[in-house]
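I opened my notebook to record what I looked up in this structure.

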Amino acid sequence: AEGISMWAVNLFVLVFIGMVAREQAGGRGLQGAHIIAVQWEAFSFLPGFAIGTAAAALAGQYLGAGRPDLARRAIIACTGIAVVVMGLLGVVFITAGELLTRIISSEPVHLETVPRLLVIAGLTQVFFAVTMVVRQGLRGVGDTTWCLILPSLSSYGVRLPATYLLGVTLGMGLEGIWIGLCGEFFIRAVLFSARFLHGGWTRVRV
């Protein structure tokens, strides 16, 4: 259910990009720019996902052994590692956006747009890391209900309205959509951090 909820959001975002492309002169390359930026962002997403998987395994084992203190420590440690790794990759996105774009495409619209999108993504990689690892850790200890509720609330309550408002209504285009997309990671990081600090997950039977 969580996966379906998140992928539905991505479909709406693609619709918004199509709306912007129809209104913007030379907008035919915007979908491609979006995909290129997502492809490069995956270089930070994939390590973060792997570290989150480790957090889930460790936290689940420790909580199952009756050691919530070690489960908490494992999630914190893995989150710290992900913050460093994804934060450093964020610096690469910010400083080498044009070079990264040229590896995939030499289209003028891509060279103009993708580096700006990567800057936006780079600035929010730390929040993305917190979101990803803490969510995986909570999922690993069986706190799956909140792992569905929190991102769904954040995505449909913040991400979709923000991307439409900034990208379509205010006319900020694809950059506005990405500000909404990436800015929402901050809200999601706060929500998952609050759930983690609340500690209700430590009472889940594993």
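Predicted model: local features only at pLDDT ≥ 70, side-chain atom pairs only at ≥ 80, totals over all residues.

**Entry: Phe186**

I began with phenylalanine 186. Its relative accessible area is 42%, so I noted phenylalanine 186 as partly exposed.

I counted 7 aromatic pairs by the pairing rule. In one of them, the ring centres of phenylalanine 127 and phenylalanine 186 are 5.2 Å apart and the planes are at 85°, so I wrote the pair down as edge-to-face. Phenylalanine 127 lies in helix α6 and phenylalanine 186 in helix α8, so the pair ties together parts that are 59 residues apart in sequence.

**Entry: the nonpolar patch**

Which residues make the nonpolar surface patch? I found Val126, Phe127, Phe186, Ile187 and Val190. The patch covers about 380 Å². Both α6 (125–140) and α8 (173–198) supply at least two residues of the patch. Which helix gives the most to it? That is α8, with 3 residues.

I then looked at valine 190. I located valine 190 in helix α8. Is valine 190 buried or partly exposed? The relative accessible area of valine 190 is 44%, so it is partly exposed.

**Entry: other aromatic rings**

I went back to the rings. I checked the cover on each partner. Phenylalanine 196 has 8% relative accessibility, so it counts as buried. Tryptophan 201 has 0% relative accessibility, so it counts as buried too. The cut-off I used for buried is under 20%.

I also found an aromatic cluster. Phe45, Phe49, Phe128 and Phe185 form it.

**Entry: Asp143**

Where is aspartate 143? I found aspartate 143 in the loop between α6 and α7 (144–169). At 5% relative accessibility, aspartate 143 counts as buried. I then compared its place in sequence with its place in space. Aspartate 143 and valine 204 are 61 residues apart in sequence. Their C-alpha atoms are 7.0 Å apart in space.

**Entry: the whole protein**

Last, I stepped back. How many helices and strands are there? I counted 8 helices and 0 strands. Along the sequence the pattern reads α-α-α-α-α-α-α-α. The radius of gyration is 18 Å, close to the 17 Å that the globule rule gives for 206 residues, so the protein is as compact as a globular protein of that length. The C-alpha trace spans about 60 × 30 × 20 Å along its principal axes. Of the 206 residues, 48% count as buried.

**Entry: confidence**

The mean pLDDT of the protein is 92. I noted that 98% of its residues reach 70 or more. Which elements have the lowest and the highest mean pLDDT? Helix α1 (residues 2–23) has the lowest, at 85. Helix α3 (residues 68–95) has the highest, at 96.

How values were computed. Residues numbered from 1 in each chain as written. Heavy atoms only, no water. Patch = residues over 30% accessible without salt bridge, like charges linked within 9 Å, V, L, I, M, F, W, Y side chains within 5 Å. Areas by Shrake-Rupley, 256 points an atom, 1.4 Å probe, with all protein chains shown as cover. Salt bridge = Lys/Arg side-chain N within 4 Å of Asp/Glu carboxyl O. Helix = DSSP H or I, 4+ residues; strand = E, 2+ residues; numbered from the N terminus. Buried < 20%, exposed > 50% of the residue type's maximum accessible area, 1.4 Å probe, protein only. Phe/Tyr/Trp six-rings, centres within 6.5 Å; stacked < 30°, edge-to-face > 60°. pLDDT = per-residue confidence, 0-100. Rg over C-alpha atoms; globule rule 2.2 N^0.38 Å.
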